[in-house]
Every structure is written in C-alpha cells, then in structure tokens.
Amino acid sequence: MCSSGPCIDQERLPSWSGMNWKVLEHVPLLLYILAAKTLILCLAFAGAKMYQRKRLAAQRQQLEADKRKRAERKDD
C-alpha cells in the first residue's frame, strides 16, 4: 500500500489553496512591532535598574553620613 515512502493521508492534509495569503503581507509590520515592543521593554527595565542603583547609592551615602555623625558625637 505505502511501499514507496511514508503513508500520507491526503484527506487530512491542510488545504493550502484555501489559505488567505494576503495575511502574510502584514508579517513584516508585525515583526517591526514586536521588535519595537521588545526594545521599549528592555529600555524600561534598564531605566528601572539605573533608578534603583542611584537610589541605593543615595541610601548608602546617607547611612555613611549618619555613621560619621555618630562617630563625631562619641568623640565629643
């Protein structure tokens, strides 16, 4: 029955003639939108990380300043 190759049931294959090929015209636009969205998300996360780093550095400086003030008070 299928001696020449793999058995393929022709009735179960998708009908390519019924596919709407016009949809593929929008694929480049969709890829550009996906790339833009990815870039925006990356920039947003990078900005959030920079903000956190600055905030933590400011907190660290505040703590060091408080330690110096305490040390000066003990010396007096």
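Here is a quick tour of this predicted model, from its overall fold down to a few side chains.

**The overall picture**

What does the secondary structure come to? Of the 76 residues in the protein, buried ones make up 0%. As for surface, the protein exposes about 7,900 Å², and carbon and sulfur atoms supply 62% of that area.

**A nonpolar patch**

Which residues make the nonpolar surface patch? M19, W21, L24, V27, L31 and L34 do, and the patch comes to about 560 Å². M19 has a relative accessible area of 34%, so it counts as partly exposed. A patch residue needs over 30% relative accessible area, and M19, at 34%, therefore clears that cut-off.

**The salt bridge**

How many salt bridges turn up in a search of the whole structure? In it, the side chains of K22 and E25 meet, at 3.8 Å from N to O. The pair counts as a salt bridge because the cut-off is within 4 Å. And are the two partners buried or exposed? K22 is exposed, at 57% relative accessibility, and E25 is exposed too, at 54%.

Here are the accessibility values for the residues discussed above:

| Residue | Relative accessible area | Class |
|---|---|---|
| M19 | 34% | partly exposed |
| K22 | 57% | exposed |
| E25 | 54% | exposed |

Technical notes. Residues are numbered from 1 along each chain as its sequence is written. This is a predicted model: local features need pLDDT of at least 70, side-chain atom pairs count only at pLDDT 80 or more; totals for chains, interfaces and linings use all residues. Side-chain values use heavy atoms; hydrogens and water are left out. Patches are made of residues with over 30% relative accessible area and no salt bridge: like charges are joined within 9 Å, nonpolar side chains (Val, Leu, Ile, Met, Phe, Trp, Tyr) within 5 Å. Accessible areas come from the Shrake-Rupley method with a 1.4 Å probe; for residues, only the protein chains shown count as cover. Buried means under 20% relative accessible area, exposed over 50%, partly exposed in between (1.4 Å probe, protein chains only).
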